[in-house]
Amino acid sequence: MSKKVEEKFSDREKSDRELAKELDLMFLEKMIQSLPAKKRSKKIVAVSSRSFSMRDMLDEIRQETAYGDMFREMLKRIRLAKLMAK
Amino acid sequence: MKMDIKVRISKLADITLYHEYLLTPLPLVKRLLLVRPNIRSDRFTRLSHGWAELVKTKAIDEGWHVEDLSGARATRRNVETALSRTTLQRPSLIIHYDHGTEFTLYGNRASRPPHSFEDLVPVIDESNISMTAGMFVSAMACLSASGLGPLAIYERASGYLGYTNFLCASLDREVQNRFGEAVNAPNFALLEGRSPSDAFEIGYRAWDQLCSELLEENRFFDWAFATINRDYFSLLVP
């Protein structure tokens, strides 16, 4: 692969990664909006020494923490499962 | 002299990971060391401490001698004392419940009622994992099978069950005990005298079964947490 093609590929990879993150955030935001107000901040999972609501998950994804990475993997699975269930 | 951790880690590539089969059952010496800290303000700990209580009951029913380092007794000193006993008194199986990171399993700071996260301290880590030589380790905690597990095998532990990613616990009251059943399934199998490979298969199937049920119930978030637990559940063997 020529250097120019490699650079293009790498730029594309980077922009796709950003886009995928935005999609994950949008997907989670939509899920949160669909919930009754009092459920939006309800803690739904304990991981390590912390508990997370869906809103907390959004923050972790935005900050690109290790928890955020796991939540993104989880969201990808949910999106696929919902598509497969249709 | 103890080999530097970086040197030991560099040798980990030689160790077989995942889905390898240990066909022989655990040694017949039924001595269990159960380590289960309890921090009142910590939701995960409160859940896992209760799950471990069921393991203790099961062990006693199956005729095991149980040394239960629970709550304030789950100190590093008590763990090391248990691991350094003479051969006949040493545990053949160590089961840990609670927090873990790549190279650390946590317990409590000292023999006093643990209230806050400050009381959480490493009880098994890279500097004392060699004390598990000859024993089977089951760590129902986050991440440790990715670092401490391979190191334990390098230090001649007979096997290591654990998780290579975060271990998630649903906080939905209707679901959380079902997570506990899946976490406990491989430990129950070990206590019944099943081989480590059987215990792994039973543990994997328990998560898989729970995943199917949760998906059918349209509990998508709990389903996703369970799939993460299922997919990162691992058996490491020499």
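Glu62(B) is partly exposed, with a relative accessible area of 26%, where partly exposed lies between buried (under 20% relative accessible area) and exposed (over 50%), using a 1.4 Å probe and protein chains only. The model is a predicted one, in which local features need pLDDT of at least 70 and side-chain atom pairs count only at pLDDT 80 or more, while totals for chains, interfaces and linings use all residues. Residues are numbered from 1 along each chain as its sequence is written, chains are lettered from A and ligands numbered from 1 in the order in which they are written, and side-chain values use heavy atoms, with hydrogens and water left out.

Side chains of opposite charge can pair when their charged atoms come close. A salt bridge here is a side-chain nitrogen of Lys or Arg within 4 Å of a carboxyl oxygen of Asp or Glu, and the structure holds 26 of them over all chains. Glu62(B) takes part in one, meeting the side chain of Lys58(B) at 3.1 Å, N to O; Lys58(B) is buried, at 16% relative accessible area. Another joins Arg85(B) and Glu67(B) at 2.6 Å, N to O. This pair links distant parts of the chain, 18 residues apart: Arg85(B) sits in the loop between helix H3 (76–83) and strand E3 (93–97) of chain B, and Glu67(B) in strand E2 (residues 65–70) of chain B. Helices (H or I, at least four residues) and strands (E, at least two) are DSSP runs, numbered from the N terminus. Arg85(B) is partly exposed at 30% relative accessibility, whereas Glu67(B) is buried at 18%. Salt bridges that share partners also join Asp172(B), Glu174(B), Arg178(B), Glu213(B), Glu217(B) and Arg219(B) into one network.

In chain A, Asp59(A) and Arg62(A) form a salt bridge at 3.6 Å, N to O. Both residues lie in helix H2 (residues 54–62) of chain A, 3 residues apart, or about one turn of the helix. Asp59(A) is partly exposed at 34% relative accessible area, and Arg62(A) is partly exposed at 42%.

H5(B) is mostly covered, with 14 of its 19 residues buried. At the start of H5(B), a side-chain oxygen of Asp172(B) comes to within 2.8 Å of the backbone nitrogen of Glu174(B). Further along, H5(B) bends by about 40° at Asn184(B), and Pro186(B) follows within four residues; the bend is the angle between axes fitted to the seven residues ending at a residue and the seven starting there. Just after H5(B), Gly193(B) takes a positive phi of about 90°.

Backbone angles pick out two further residues. Most residues other than glycine have a negative phi. Ser48(A), however, has a positive phi near 55°; it lies in the loop between strand E1 (45–47) and strand E2 (50–52) of chain A and is buried at 12% relative accessibility. Arg156(B), also not a glycine, has a positive phi of about 80°. Arg156(B) belongs to the loop between helix H4 (148–154) and strand E8 (159–163) of chain B and is exposed, with a relative accessible area of 63%.

Conventions:
Polar contact = N/O pair within 3.5 Å; in protein donor to acceptor, adjacent residues only side chain to side chain.
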